[in-house]
Amino acid sequence: VVPPVAILAQASLLSVSPLSFAMADSNAPKLAVVRQILGRTGSRGGVIQVKVEFTSEDNPELKGRSLVRNVKGPVREGDILALLETEREARRLR
């Protein structure tokens, strides 16, 4: 078993490029505010379809952009969601 102090000493010797920090930041969750509840979906109504709008805190390029997403679990207008993926949009309810 390697003591934690030795692991930290080895990690401090590694060089980390600024590019690796940029990549880690791109994988960070994006914050979005629930603006409208569109309805329930799923075979038993366990999923709620909502319209979200991105906040400008994390990514200025996403500011003001809105998407329709499916949310499992309780949600209401004004809630903040942490989205890992921002490109995919849910299909609209029929």
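A nonpolar core is a set of buried Ala, Val, Leu, Ile, Met, Phe, Trp, Tyr and Cys residues joined through side-chain atoms within 4.5 Å. The views below show a predicted model.

**View 1. Twelve residues form the largest nonpolar core of the model.** The core has 12 residues in all. Its members are Ala 32, Val 34, Ile 48, Val 50, Val 52, Phe 54, Leu 62, Leu 67, Val 71, Val 75, Leu 81 and Leu 83. Strands S1 (30–41), S2, S3 and S4 each give two or more residues to this core. S2 gives the most, with 4 residues.

**View 2. Val 75 touches several residues beyond its sequence neighbours.** Val 75 belongs to the largest nonpolar core. With residues up to four places away in sequence set aside, Val 75 touches Val 34, Ile 37, Ile 48, Val 50 and Leu 81. Of these, Val 34, Ile 48, Val 50 and Leu 81 are listed in the core as well.

**View 3. Four strands make an open sheet.** The strand order is S3-S2-S1-S4, with antiparallel pairing. S3 (66–72) and S4 (80–83) stand at the edges. Each has a single partner strand, so one side of each is left without a neighbour in the sheet. From one strand to the next, the twist averages 50 degrees.

**View 4. S2 and S3 pair in the antiparallel sense.** S2 covers residues 47–54. Its pairing with S3 runs over 7 bridges. Val 52 has Leu 67, in S3, as its bridge partner. Both Val 52 and Leu 67 are also members of the largest nonpolar core.

**View 5. Leu 93 lies in the segment after S4.** Leu 93 is partly exposed, and its relative accessible area is 33%. Buried would need a value under 20%, and exposed one over 50%. Leaving out neighbours within four places in sequence, Leu 93 is in contact with Leu 38, Gly 39, Arg 40, Thr 41 and Gln 49. Gln 49 is 44 residues from Leu 93 along the chain, yet their C-alpha atoms are separated by 7.9 Å.

View 6. From the N terminus, the elements run α-α-β-β-β-β. Buried residues make up 24% of the 94 residues. The chain exposes about 7,300 Å², of which carbon and sulfur atoms supply 56%. Among contacts with a separation of 6 or more, 46% join residues 24 or more positions apart.

Definitions and conventions: Residues are numbered from 1 along each chain as its sequence is written. This is a predicted model: local features need pLDDT of at least 70, side-chain atom pairs count only at pLDDT 80 or more; totals for chains, interfaces and linings use all residues. Side-chain values use heavy atoms; hydrogens and water are left out. Buried means under 20% relative accessible area, exposed over 50%, partly exposed in between (1.4 Å probe, protein chains only). Contact means heavy atoms within 4.5 Å. Accessible areas come from the Shrake-Rupley method with a 1.4 Å probe; for residues, only the protein chains shown count as cover. Two strands pair if DSSP finds at least two bridges between them. Axes are lines fitted to C-alpha atoms, for helices over the stretch in contact, and angles run from 0 to 180 degrees between N-to-C directions.
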